[in-house]
Number of protein chains: 2
Amino acid sequence: MSAKVLRDGRVGSLVEPDDRGLAYGDGVFETLLVHEGQPVWWREHWNRLLRGASVLSLPAPDELQVRRECESLLGKTDRAVLKIILTRGSGGRGYRAPVSPVATVVVSSHAAPSPVREPIALRWCGTAIAIQPALAGIKHLNRLEQVLARAEWSDPGIFDGLMCDTEDRVVCATSANLFALVGGRWLTPGVDRCGIAGIARAWVLANAPGAAEADLSAAEVSHADALFLCNAVRGILPVSRLGLREWTEHEAVTGLRRRLAEAQPAFAFGEQ
Amino acid sequence: MSAKVLRDGRVGSLVEPDDRGLAYGDGVFETLLVHEGQPVWWREHWNRLLRGASVLSLPAPDELQVRRECESLLGKTDRAVLKIILTRGSGGRGYRAPVSPVATVVVSSHAAPSPVREPIALRWCGTAIAIQPALAGIKHLNRLEQVLARAEWSDPGIFDGLMCDTEDRVVCATSANLFALVGGRWLTPGVDRCGIAGIARAWVLANAPGAAEADLSAAEVSHADALFLCNAVRGILPVSRLGLREWTEHEAVTGLRRRLAEAQPAFAFGEQ
């Protein structure tokens, strides 16, 4: 990992101990795939970062400066994962935000994950996601629920875990959105009560005919005709197993993956 | 503010950009009053820190080392506020925790707040607290709800705001616990669904005869015979106003403040 810390026009390598991102998780982040040296879906990621900043009333960072520092960090790297954290910057003690906060931006470059060549196995997580409409949809830094959920298993055969909200509706995996094929339509939980409005999720909703948001129970997900996870680093990941339920490959998933690979070569099958 | 960052036996002044405290709010914190050069309720704060570390499976820090660094930070300071943050330390990208995390501890010293000599005015916050039993009670770093709530007002005449959970039960103020005198007993919301198990709150529950946990609606709080807030920096703060409702001083609050001042001279009236 290599990282840069941008603050008030200066570029450093470390974070102040009074940063509100550390004190309160007072910020948002984005995780982007880099392919052929270019961030994939940059516009979509940047827009979600701004949407999150707007919900939290964070100062909007300078896109050109951040993009420039990302490129300098990547150098000649062909494929990687880029992470951008935006926080409200240094603050005094106490929840009250400074009147004129100076944002901190942390950009970091990480090795791209190993390709996933087979359909994945999932489990159910016991950790529930709290219902908090005021923070739903944005990719904020308060992620203890995901940390607790991810700590529930260590079996490397399990790729991710599905989480329900505290009222037993299915929400998402710890690090991906979920789609379930039910009655011939791709359904995914809404993100107005909790959960994150994923970038890959938005692509599927816009490009899979009839795809829609819907409340889903654990039973409905287990009985779906097909499942996949999606996120902006992995693209579309077909699911072969959830607990005891197993699925064979489904043409509806294969077709959608092919269309995504056509739209975004970063997600071409051979590279996943 | 002055601060030290402890990691793996070394003492620095800055935080690594991949610290999981920043990335996910993956940690807990404590805020202590320092009086006559000594942290007040150190044992209680340290025990709560350990309880939070246990809930999150964080490595327990070395108490003697942290205490020594706190004392070195305070020097000859007589009265101050001391903050201790414990995080899971550096981590790779992704929610999965390192198998052998090396904790980060940030200790910082801040000016003690100006004494509050008059009963305080409160408001209701629109921001609700999500119900999350898995994190309830501990003082973790996921505090965006409090940040949003505290941003709801800027009137310096309002000392704090009361928050309800998403099912309309009263929980606490943004930075203090609440007690309401109802039917001759001091009642405070439970902290098993959400909220923080405050150190001053525990003192009141143990020392005010008949004090107990109870579900409280906004109406019950507004109609209470007396209210006070409490936290480990301010002690007990009588409430004179909540929205349109006003209260005159109540002997039950005055008596309890006197007893707290006797037990902990840091909270003696003249100094508040």
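Domain bounds come from an automatic or database domain assignment. This is a predicted model, in which local features need pLDDT of at least 70, side-chain atom pairs count only at pLDDT 80 or more, and totals for chains, interfaces and linings use all residues. Residues are numbered from 1 along each chain as its sequence is written, while chains are lettered from A and ligands numbered from 1 in the order in which they are written.

**View 1. The two domains of chain A.** Domain 1 of chain A covers 2-111, and domain 2 of chain A covers 120-271. Their C-alpha centres lie 25 Å apart. The contact between them takes 20 residues from domain 1 of chain A and twelve residues from domain 2 of chain A. Two residues are in contact if their C-beta atoms, placed from the backbone, lie within 7 Å. On the domain 1 side, strand S3 (27-35) and helix H2 (42-56) of chain A are the elements that give two or more residues. Helices (H or I, at least four residues) and strands (E, at least two) are DSSP runs, numbered from the N terminus. S3(A) supplies the largest share of this side, eight residues. By class, the side has nine nonpolar, seven polar and four charged residues. Here Ala, Val, Leu, Ile, Met, Phe, Trp, Tyr, Cys and Pro count as nonpolar, Asp, Glu, Lys and Arg as charged, and the others, Gly among them, as polar.

**View 2. Chain A against chain B.** The same surface serves both copies, since 98% of the contact residues of chain A recur in chain B. In the interface, 46 residues of chain A are in contact with 46 residues of chain B. On the chain A side, at least two residues each come from strand S1 (2-7), helix H1 (20-24), strand S5 (80-87), strand S6 (104-111) and helix H4 (144-150). H4(A) gives the most, with five residues. This side of chain A has 23 nonpolar, 14 polar and nine charged residues.

**View 3. Helix H7 of chain A.** H7(A) spans residues 251-263 and has 13 residues. From first C-alpha to last it reaches 18 Å, close to the 18 Å expected at 1.5 Å a residue. The expected span is 1.5 Å times one less than the number of residues. Buried in H7(A) are A:Val253, A:Leu256, A:Arg257 and A:Leu260. Down the axis of H7(A), these fall within an arc of 100 degrees, so they line one face of the helix. The arc is that of the directions from the helix axis to the C-beta atoms. The buried residues pack against helix H5 (199-207), strand S13 (226-231) and strand S14 (235-242) of chain A. The face turned away carries the exposed residues A:Glu251, A:Gly255 and A:Glu262. A residue is buried if 20 or more other C-beta atoms lie within 10 Å of its own, exposed if 12 or fewer, and partly exposed in between, with C-beta atoms placed from the backbone.

**View 4. A:Trp41 and its loop.** A:Trp41 is found between strand S4 (38-39) and H2 of chain A. Its phi is near 60 degrees, a positive value in a residue other than glycine. A:Trp41 is partly exposed, with 19 other C-beta atoms within 10 Å.
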